[in-house]
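This briefing describes one protein model, topic by topic. Please keep the sequence and the structure in view while reading.

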Amino acid sequence: MHQKTKLAIGVFLFVLLFFPLPKSNPETKFGFSEPKQVESILRRVCFDCHSNETKWPFYTYVFPASYLVYKHVEEGRDELNFSDWDSFPEKKKVRLTNDIIEQIEEGEMPPWDYKLLHPSSLITNEELEILKEWANQKETL
């Protein structure tokens, strides 16, 4: 790679530092009304990307981490937003609870990079069983 190309890339990356992506937490209109034990687990493990209650730590203000986190949150909210949970019909909640269990069991959620920076997001076997029981109860309604 030529020196001018390297310099141009460096300048471009430096300039990106001064154009942060928007970090917002839209108003929560509906909420998440489920058993406290389930809510506690999901808040700790999922809510940063899958709710309107995202915590934006210091590294979310520095490129390229800012871009990666922004995309995670944007995609997470689009896929499942727990802040809208109480507005979902029961059939959708059943499907989503099963999807949640499947994603956790397959190791897809939480993502490896989130677990790396947030070791408290690791789910124990006991917590997974609590979530499975919750999902099973949803199916029997």
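**Helix α4 against helix α6**

Helix α4 (residues 90-105) and helix α6 (residues 125-139) have axes that come within 9 Å and cross at roughly 155°. The model is a predicted one. Angles over 145 degrees count as roughly antiparallel, and α4 and α6 are therefore roughly antiparallel to each other.

- The crossing in which α4 passes α6 is left-handed.
- On the α4 side, the residues that meet α6 are E90, K93, V94, T97, N98, I100, I101, I104 and E105. On the α6 side, they are L128, L131, K132, W134, A135, K138 and E139.
- By class, the residues of this contact of α4 with α6 are eight nonpolar, two polar and six charged.

**The protein as a whole**

- The protein has six helices and zero strands. Along the sequence the pattern reads α-α-α-α-α-α.
- There are 141 residues in the protein, and 35% of them count as buried.
- Among the contacts with a separation of 6 or more, 74% are between residues 24 or more positions apart.

**Helix α4 on its own**

- α4 has 16 residues, and the distance from its first C-alpha to its last is 23 Å. This is close to the 22 Å expected at 1.5 Å a residue.
- Which residues of α4 are buried? They are K93, V94, L96, T97, I100, I101 and I104.
- An α-helix has 3.6 residues a turn, so residues three or four places apart point the same way.
- What covers the buried residues of α4 includes α2 and α6.

- G107 follows α4 and has a positive phi, near 75°.
- P110 is placed in the loop between α4 and α5. The peptide bond from M109 to P110 is cis, with omega near -15°.
- For background, most residues other than glycine have a negative phi, and most peptide bonds are trans.

**Helix α2 against helix α6**

- α2 and α6 also pack against each other, at an angle of about 120° and with their axes 10 Å apart. The two helices, α2 and α6, are therefore oblique to each other.
- The crossing of α2 and α6 is left-handed.
- From α2, the contact is made by Q37, V38, I41, L42 and R44. From α6, it is made by E127, I130, L131 and W134.
- The contact of α2 with α6 has six nonpolar, one polar and two charged residues.
- L131 and W134 of α6 take part in the contact with α2, and L131 and W134 are also among the residues that meet α4.

**L128 in helix α6**

- L128 is found in helix α6. Is L128 buried or exposed? Buried means under 20% relative accessible area, and L128 counts as buried because its relative accessibility is 13%.
- L128 is in contact with I104, E105 and I123, leaving aside its neighbours within four places in sequence.
- L128 and I41 are 87 residues apart in sequence, and their C-alpha atoms are 9.1 Å apart in space.

- Where is C49? C49 is found in the loop between α2 (36-45) and α3 (65-79).
- C49 has a relative accessible area of 15% and is therefore buried.
- With neighbours within four places in sequence left aside, C49 is in contact with H72, V73, G76 and R77.
- C49 and E74 are 25 residues apart in sequence and 7.5 Å apart in space, C-alpha to C-alpha.
- H118 lies in the loop between α5 (112-117) and α6. At 17% relative accessibility, H118 is likewise counted as buried.
- What does H118 touch, not counting residues up to four places away in sequence? H118 touches D48 and Y59.

**V69 in helix α3**

- V69 lies in helix α3. Not counting residues up to four places away in sequence, V69 touches W56, Y59 and T60.
- V69 and Y59 are 10 residues apart in sequence and 8.9 Å apart in space, C-alpha to C-alpha.
- Y59 is touched by V69, and Y59 is touched by H118 as well.

Methods: Residues are numbered from 1 along each chain as its sequence is written. This is a predicted model: local features need pLDDT of at least 70, side-chain atom pairs count only at pLDDT 80 or more; totals for chains, interfaces and linings use all residues. Side-chain values use heavy atoms; hydrogens and water are left out. Axes are lines fitted to C-alpha atoms, for helices over the stretch in contact, and angles run from 0 to 180 degrees between N-to-C directions. Helices (H or I, at least four residues) and strands (E, at least two) are DSSP runs, numbered from the N terminus. Angles under 35 degrees count as roughly parallel, over 145 as roughly antiparallel, 65 to 115 as roughly perpendicular and the rest as oblique. A crossing is left-handed if the near helix is turned anticlockwise from the far one by less than a right angle, and right-handed if clockwise. Contact means heavy atoms within 4.5 Å. Ala, Val, Leu, Ile, Met, Phe, Trp, Tyr, Cys and Pro count as nonpolar, Asp, Glu, Lys and Arg as charged, and the others, Gly among them, as polar. Buried means under 20% relative accessible area, exposed over 50%, partly exposed in between (1.4 Å probe, protein chains only). The expected span of a helix is 1.5 Å times one less than its number of residues.
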